[in-house]
Amino acid sequence: MERKTGYPPFPPPGSIRILLAIACTPLAFLRRPIKIGGMDVSRQAEAVQKLRDEQAIILPSLLQCDFGNLQREIHSLEEAGVRGFHLDVMDGHFVPNLTYGMPIVEGVRKLTSLPIDVHLMISEPAKYVRQFADAGADSLTVHAEIEQDTSEVLKMIRQLGVGVGLAINPATSFESVESLLPLCDLLLPMSVNAGFGGQQFNPVALEKLRQARHNFPDLLLEVDGGVNIGTIADCYSAGATLFVVGSAIFGQDDYRQALEGLTAAIGL
Ligand SMILES: O=C(CO)[C@@H](O)[C@H](O)COP(=O)(O)O
Ligand SMILES: [Co+2]
């Protein structure tokens, strides 16, 4: 399937081209917000760009960090070289586990300027996406398996000016969500059933990554669940560039060593 890029098929007329060139310089993004149809696209562009900037980004899933020492944990992870954070929000309904909500996102936002990637494992994301964006999330990923209209939720997230992500559990096929992908910046084929850290990697995610990379070359591809030095290389070869890692970091005393092991495993 050919991806609709939204780009014009030929260069726009001179005046529009100049305006676009000014608006698209990184410095212009830093100077002022750009509103298109009432939406602030500068934050979205910056956040998604940061995630696109590198060949591979390891995102620690903070689920297993020491929340009694959150500031120290964020600091240690930054010192160890991480380039972003992954926050798992679970509501005890969409998944049989309950974690945290907006206050923790807000707390982490105060402690870091790195991208915060929020994974919403909740039944009714439409009710809360605005609050998560206001709390400081840079990208919001919702599950295709929710009972709400997923395309409407993805459009709502787009309007909020943050990165738009779609997650699919191992039992959900790539084909069943393909038509939603033009609405997204990011696809997350889960390599475990959403709900708990510390599960074993399910290779069913790999074929979905390959399909997505082939059909949607510009889409950010993330993988989450059981990613460790034994599984990360296959995910990278399949096309993922964002790697969510919980146990393989927090199960180690030395975060730097854990990160170095993971990046070495993909040859970077
Ligand atoms: O979204 C989830 C679990 O549902 C994850 O982000 C996990 O927290 C990752 O932990 P590990 O599988 O790496 O231990
Ligand atoms: Co997650």
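In this predicted model, ligand 1 is surrounded by 21 residues, of which Ser 61, Leu 63, Gly 197, Gly 246 and Ser 247 are the closest; a residue counts as near a molecule if its C-beta atom, placed from the backbone, lies within 6 Å of it. Local features need pLDDT of at least 70 and side-chain atom pairs count only at pLDDT 80 or more, whereas totals for chains, interfaces and linings use all residues. Residues are numbered from 1 along each chain as its sequence is written, and chains are lettered from A and ligands numbered from 1 in the order in which they are written.

**Ligand shell**
- The shell around ligand 1 comprises eight nonpolar, 11 polar and two charged residues, with Ala, Val, Leu, Ile, Met, Phe, Trp, Tyr, Cys and Pro taken as nonpolar, Asp, Glu, Lys and Arg as charged, and the others, Gly among them, as polar.
- At least two residues of this shell come from each of β4 (85-90), β10 (242-245) and α10 (247-250).

**Overall fold**
- The protein has 11 helices and 10 strands, defined as DSSP runs (H or I, at least four residues, for helices; E, at least two, for strands) and numbered from the N terminus.

**Sheet**
- Eight strands form an open sheet with parallel pairing in the order β3-β10-β9-β8-β7-β6-β5-β4, where pairing requires that DSSP finds at least two bridges between two strands.
- Because β3 (57-60) and β4 stand at the edges with a single partner strand each, one side of each is left without a neighbour in the sheet.
- β3 pairs with β10 in the parallel sense over four bridges, and Ile 58 stands opposite Phe 243 in β10.
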